[in-house]
Amino acid sequence: MAIQFTEDLLINHKGLDDHHREIYIQVKQVLSAYAQGNGEFAALNLMSFLERHVAKHFAEEEALMKLYKYQNLQQHQDKHNQFLRALRDLRAEYTETGPSMHFLVQFNQLIMDGLVLHIGREDKQLGAFLKNNPDYISQQKRAS
Ligand SMILES: [Fe+2]
Ligand SMILES: [Fe+2]
C-alpha cells in the first residue's frame with residue numbers, strides 16, 4: 001500500500017491537516033526503515049512520537065466535532081479510544097518482551113488501520129461534513 005498524503009485527505013483545518021501530514025511522514029519513515037532492516041528502532045521512535053502527540057490530536061478533533069455537532073462523533077471517538085488502548089497495550093508488551101516479531105506485526109497493523117486508514121476514512125468523512133457546514137465555513141472565513 002502506497003502511503004501518500006494527497007489533497008483529498010485534507011479536512012480544511014490547518015492544525016489537524018498539519019498533524020495528519022506529519023503522521024504520514026512518520027509512518028512512511030517507519031515503513032522504509034522496515035525495508036532496510038531498521039524496523040525495531042523506527043517502530044519504537046514512532047510509538048514514542050504517538051504517545052506524545054496523538055491523544056492531543058484526537059482531543060482537538062473531538063472538540064471540533066462537538067462544536068459543530070457532528071453526527072458521527074461517538075463512533076469516531078470510539079475509534080480514537082480503541083487506538084489509544086491498543087497503543088498502551090503495545091507499550092506494555094514492548095516493556096515486557098522487547099521488539100518481538102509479534103510486537104512489530106501488531107504495531108504495524110495498528111498504524112495502518114488506526115492511523116492511515118482512519119485518516120483516509122473517518123477523518124476524511126469529518127472533512128466532508130465540515131466542508132458543507134455553514135457555521136464552520138463562516139468561522140473559517142472570519143479566521144482568514
Ligand atoms: Fe485525525
Ligand atoms: Fe480521527
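Of the 144 residues in the protein chain, 16% are buried. This is a predicted model, and its mean pLDDT is 95, with 99% of the residues reaching 70 or more.

**Overall fold**

- Reading from the N terminus, the elements of the protein chain follow the order α-α-α-α-α.
- The radius of gyration is 16 Å, close to the 15 Å that the globule rule gives for 144 residues, so the chain is as compact as a globular protein of that length.
- Taken along the principal axes, the box filled by the C-alpha atoms is roughly 50 × 25 × 20 Å.
- If you count contacts between residues at least 6 apart in sequence, 66% of them join residues at least 24 apart.

**Confidence**

- Helix α3 has the highest confidence in the protein chain, at a mean of 97.
- Confidence is lowest in helix α5, which covers residues 134-143, yet the mean there is 92.

**Helix α2**

- Helix α2 spans residues 39-67, which makes 29 residues in total.
- From its first C-alpha to its last, α2 reaches 40 Å, close to the 42 Å expected at 1.5 Å a residue.
- Three residues to look for in α2 are A43, L50 and E61, which are buried.
- The packing partners of the buried residues of α2 are α1 (14-35), α3 (73-97) and α4 (101-131).
- After α2 comes K69, which has a positive phi, near 50°.

**A closer look at E22**

- E22 has 14 C-beta neighbours inside 10 Å; a residue needs 20 or more to be buried and 12 or fewer to be exposed, so E22 counts as partly exposed.
- F5 sits 17 residues away from E22 along the chain, and the C-alpha atoms of the two are separated by 9.3 Å.

Terms used: Residues are numbered from 1 along each chain as its sequence is written. Chains are lettered from A and ligands numbered from 1 in the order in which they are written. This is a predicted model: local features need pLDDT of at least 70, side-chain atom pairs count only at pLDDT 80 or more; totals for chains, interfaces and linings use all residues. Helices (H or I, at least four residues) and strands (E, at least two) are DSSP runs, numbered from the N terminus. The expected span of a helix is 1.5 Å times one less than its number of residues. Two residues are in contact if their C-beta atoms, placed from the backbone, lie within 7 Å. The radius of gyration is taken over C-alpha atoms; the globule rule is 2.2 Å times the number of residues to the power 0.38. pLDDT is the predictor's confidence in each residue, from 0 to 100.
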